[in-house]
Amino acid sequence: MIRSRQAIAVLALAGFFIALYLWLHSIGVIGQLKCGTGGCEIVQASAYARLGGVPVAFFGVAGYAALFLVSVVGQSPRFAERRGPGRLLFGLASGGLLFTLYLTSLEAFVIHAWCRWCLGSALVILLIWIAAVAGLARSR
Amino acid sequence: MNRFYMVLGAVVVAGGAFLWYSSSQRGGPAADQGPVPVVTAADSAFKGYTLGPDSAPVKIVEYVDYECPICAEFGALQFPVIKDHLINTGKVQWRQRDFPLSIHAHSRLAALATQCAGDQGKYWEMVDQLFDNHSWALQSRDPTGTFHGFAQSLGLDLAKYDACVSANTYAGRIQASYAEGEARGVNGTPTLFINGVEYTGSNRTSDGIQAVVDDLLKKPKTK
């Protein structure tokens, strides 16, 4: 259980920095994204890069921060043997994965461009979800 | 446990260093573009350059960012067909509005180049230059010289053009256009409004636009 929470903490921290990079770009702190193909700029300039006026990357920053905090707190002696943090991590990871699937489908079928950083984040959240499922399975 | 925190520390150091490096590579749009320009009544009164007759039954407004790759692709590949089939045939009047996104460092400068060229009657020609030679947007260096080259190739009075750009003459006009877009809910580019309604269709090719226009032309006018 602890191992899966440790893995989630490390992955969530990596995802946090990816989302932070995209968010800082969306608010103008960072110039052109290091992307290679230019697909990142296409995705980031599209109308789908914002949700309700808020840059989509901000939801990633908040989501990964929540996953990181829960996974770290979930390792403390008070919560290490409890299933609550594991369930919460599974819920957060599932929500993040579904949201990522939606965004990735937009890239594939609507925007027709791939942002490598977004794909990196998609891989991270998939791994987090797998770790969360493994953590839940072990706690049974 | 110690190993776990060492790994976390390594991720923090690597991520922090990358973010610091990225932000120091280029000052970012806010730094490059200076404070928000003052908008005068004349700036707000200007409603953008148009192509096509005022009598055209369909009016399309495009909010555009010249550094945006989708705008460039649309401008270079789709717009010429739209121009031939819809604008030149009198079906559509096309109005171009500036919407320089904050994520792009040189969008406002590019918009300024088009407005300054517009002063000399070459607005659309400068737009074509910016989109047809879009490699300037992929480089981090200041494109002022590149735009000057475009102005030269268009045969503009370069002294007038340079003075216009140096004085940031149309900063207020560009800001007014941006504010107008924001007020209409624009949050990405290119955003099209067809007869006042935002086009949200996924087919943003000339065929897609033509289909919408044809549908509108088929509908009986309601008073």
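## The contact between chains A and B

The contact draws 29 residues from chain B and 29 residues from chain A. On the chain B side, the elements giving two or more residues are helix H1 (2-25), helix H2 (29-33) and helix H4 (69-87). H1(B) supplies the largest share of that side, with 10 residues. By class, the side of chain B that touches chain A has 15 nonpolar residues, 12 polar residues and two charged residues.

This is a predicted model. Local features are reported where pLDDT is at least 70.

## Chain A overall

Chain A has five helices and two strands. From the N terminus on, the order of elements is α-α-β-β-α-α-α. Of the 140 residues in chain A, 52% are buried. Among chain A contacts with a separation of 6 or more, 77% are between residues 24 or more positions apart.

## Helix H3 of chain A

Helix H3 of chain A covers residues 56-73.

The buried residues of H3(A) are Val56(A), Ala57(A), Gly60(A), Val61(A), Gly63(A), Tyr64(A), Leu67(A), Phe68(A), Val70(A), Ser71(A) and Val72(A). Their packing partners in chain A are helix H1 (2-26), strand S1 (50-51), strand S2 (54-55), helix H4 (84-111) and helix H5 (116-138).

## Phe68 in chain A

Phe68(A) is found in helix H3 of chain A. Is Phe68(A) buried or exposed? Phe68(A) has 20 other C-beta atoms within 10 Å. The cut-off for a buried residue is 20 or more, so Phe68(A) counts as buried.

Leaving aside residues up to four places away in sequence, Phe68(A) touches Ala9(A), Ala12(A), Leu13(A) and Phe16(A). Gly15(A) is 53 residues from Phe68(A) in sequence. In space, the C-alpha atoms of Phe68(A) and Gly15(A) are 9.6 Å apart.

## H3 against H4 in chain A

Two packed helices are described by the angle between their axes and the distance between the axes. H3(A) and H4(A) pack at about 160°, and their axes are 10 Å apart. An angle over 145 degrees counts as roughly antiparallel, so H3(A) is roughly antiparallel to H4(A). The crossing of H3(A) and H4(A) is left-handed.

Which residues of H3(A) meet H4(A)? The H3(A) side consists of Val56(A), Gly63(A), Ala66(A), Leu67(A), Val70(A), Ser71(A) and Val73(A). They meet Pro85(A), Leu88(A), Leu89(A), Leu92(A), Ala93(A), Gly96(A) and Leu103(A) in H4(A). By class, this contact has 11 nonpolar, three polar and no charged residues.

## Chain B overall

Chain B has 10 helices and five strands. Of its 223 residues, 38% are buried. Among chain B contacts between residues at least 6 apart in sequence, 85% join residues at least 24 apart.

## H5 against H9 in chain B

Helix H5 (residues 107-119) and helix H9 (residues 171-183) of chain B pack at an angle of about 115°. Their axes are 10 Å apart. Angles of 65 to 115 degrees count as roughly perpendicular, so H5(B) and H9(B) are roughly perpendicular to each other. H5(B) passes H9(B) in a right-handed crossing.

From H5(B), the residues in contact are Arg108(B), Ala111(B), Leu112(B) and Gln115(B). From H9(B), they are Ala171(B), Arg173(B) and Ile174(B). The classes here are four nonpolar, one polar and two charged residues.

## Backbone exceptions in chain B

Most residues other than glycine have a negative phi, and most peptide bonds are trans. Chain B has exceptions to both patterns, as follows. The peptide bond from Thr189(B) to Pro190(B) is cis, with omega near -5°. Pro190(B) lies in the loop between H9 and strand S4 (191-194) of chain B.

Asn168(B) is not a glycine, yet has a positive phi of about 50°. Asn168(B) sits in the loop between helix H8 (158-166) and H9 of chain B. With 16 C-beta neighbours inside 10 Å, Asn168(B) counts as partly exposed. Asn195(B) also has a positive phi of about 50° without being a glycine. Asn195(B) lies in the loop between S4 and strand S5 (197-198) of chain B. Asn195(B) is partly exposed, with 14 other C-beta atoms within 10 Å.

Conventions. Residues numbered from 1 in each chain as written. Chains lettered and ligands numbered in written order. Predicted model: local features only at pLDDT ≥ 70, side-chain atom pairs only at ≥ 80, totals over all residues. Contact = placed C-beta atoms within 7 Å. Helix = DSSP H or I, 4+ residues; strand = E, 2+ residues; numbered from the N terminus. Nonpolar A, V, L, I, M, F, W, Y, C, P; charged D, E, K, R; others polar. Buried ≥ 20, exposed ≤ 12 C-beta atoms within 10 Å, placed from the backbone. Axes fitted to C-alpha atoms, helices over the stretch in contact; angles between N-to-C directions. Parallel < 35°, antiparallel > 145°, perpendicular 65-115°, else oblique. Left-handed = near helix turned anticlockwise from the far one by under 90°. Expected span 1.5 Å × (residues − 1).
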